[in-house]
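Student: I have a sequence and a structure to study, and I would like to learn how to read them with some care. Could we go through them together?

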Amino acid sequence: MEIDKSSIVYSLSGSQGDLYEYFPYLFQDLWELGGGSDEIIDLIERNCGLLNPTTKILELCCGKGAVLIKIINKINFLQN
């Protein structure tokens with residue numbers, strides 16, 4: 001199955017389909033695309049309790065792992 005590169009560019013509000021080849025370079029330094037990590041962590045804590053070293057979280061292919069990295073940093077901070 002071939003990817004329709006133009007539709008991916010347009011889904012990101014792009015107007016030129018030939019930008020697709022530059023996406024790896026354009027997105028390489030982004031940590032977050034979409035929801036903010038702090039808001040997601042707040043949502044987890046409001047619904048599941050405060051994060052602690054025994055908290056179990058399953059992260060399934062959610063981008064670059066920005067939320068998971070922030071959660072790990074928060075838990076490590078709690079341990080020290």
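Tutor: What follows is a series of questions and answers about this predicted model.

Student: In which helix is the confidence highest, and in which is it lowest?

Tutor: The chain as a whole has a mean pLDDT of 77, and 80% of its residues reach 70 or more. Where pLDDT is low, the predicted coordinates should not be read in detail. The lowest confidence is found in helix α1 (residues 5–11), with a mean of 72, and the highest, with a mean of 87, in α3.

Student: Is E45 buried or exposed?

Tutor: E45 is part of helix α3, which covers residues 37–48. Residues count as buried when their relative accessible area is under 20%. Because the relative accessible area of E45 is 16%, this residue is buried.

Student: Which residue forms a salt bridge with E45?

Tutor: Leaving aside residues up to four places away in sequence, E45 touches L50, L51 and K74. Side chains of opposite charge can pair when their charged atoms come close. In the salt bridge of E45, the closest N and O atoms are 2.9 Å apart, and the partner is K74.

Student: Which residue meets K70 in a salt bridge?

Tutor: A search of the whole structure finds 3 salt bridges, and one of them involves the side chain of K70, with an N to O distance of 3.6 Å. This pair also links distant parts of the chain, with K70 in helix α4 and its partner in helix α3, 32 residues apart. The partner of K70 is D38.

Student: In which helix do R46 and D42 both lie?

Tutor: R46 forms a salt bridge with D42, and their closest N and O atoms are 3.1 Å apart. R46 counts as exposed, because its relative accessibility is 60%, while D42 counts as partly exposed at 36%. The two residues are 4 residues apart, about one turn of the helix, and both lie in helix α3.

Student: Is L50 buried or exposed?

Tutor: L50 is located in the loop between α3 and α4 (66–79), and, not counting residues up to four places away in sequence, L50 touches E45 and T55. A residue counts as exposed when its relative accessible area is over 50%. Because L50 has a relative accessibility of 65%, this residue is exposed.

Student: What accessible area do L19, Y22, Y25 and L26 have together?

Tutor: L19 is found in the loop between α1 and α2 (23–27), and L19 is partly exposed, with a relative accessible area of 30%. With Y22, Y25 and L26, L19 forms a nonpolar patch on the surface. The accessible area of these residues together is about 440 Å².

How values were computed: Residues are numbered from 1 along each chain as its sequence is written. Side-chain values use heavy atoms; hydrogens and water are left out. Buried means under 20% relative accessible area, exposed over 50%, partly exposed in between (1.4 Å probe, protein chains only). Contact means heavy atoms within 4.5 Å. pLDDT is the predictor's confidence in each residue, from 0 to 100. Patches are made of residues with over 30% relative accessible area and no salt bridge: like charges are joined within 9 Å, nonpolar side chains (Val, Leu, Ile, Met, Phe, Trp, Tyr) within 5 Å. Accessible areas come from the Shrake-Rupley method with a 1.4 Å probe; for residues, only the protein chains shown count as cover. A salt bridge is a side-chain nitrogen of Lys or Arg within 4 Å of a carboxyl oxygen of Asp or Glu.
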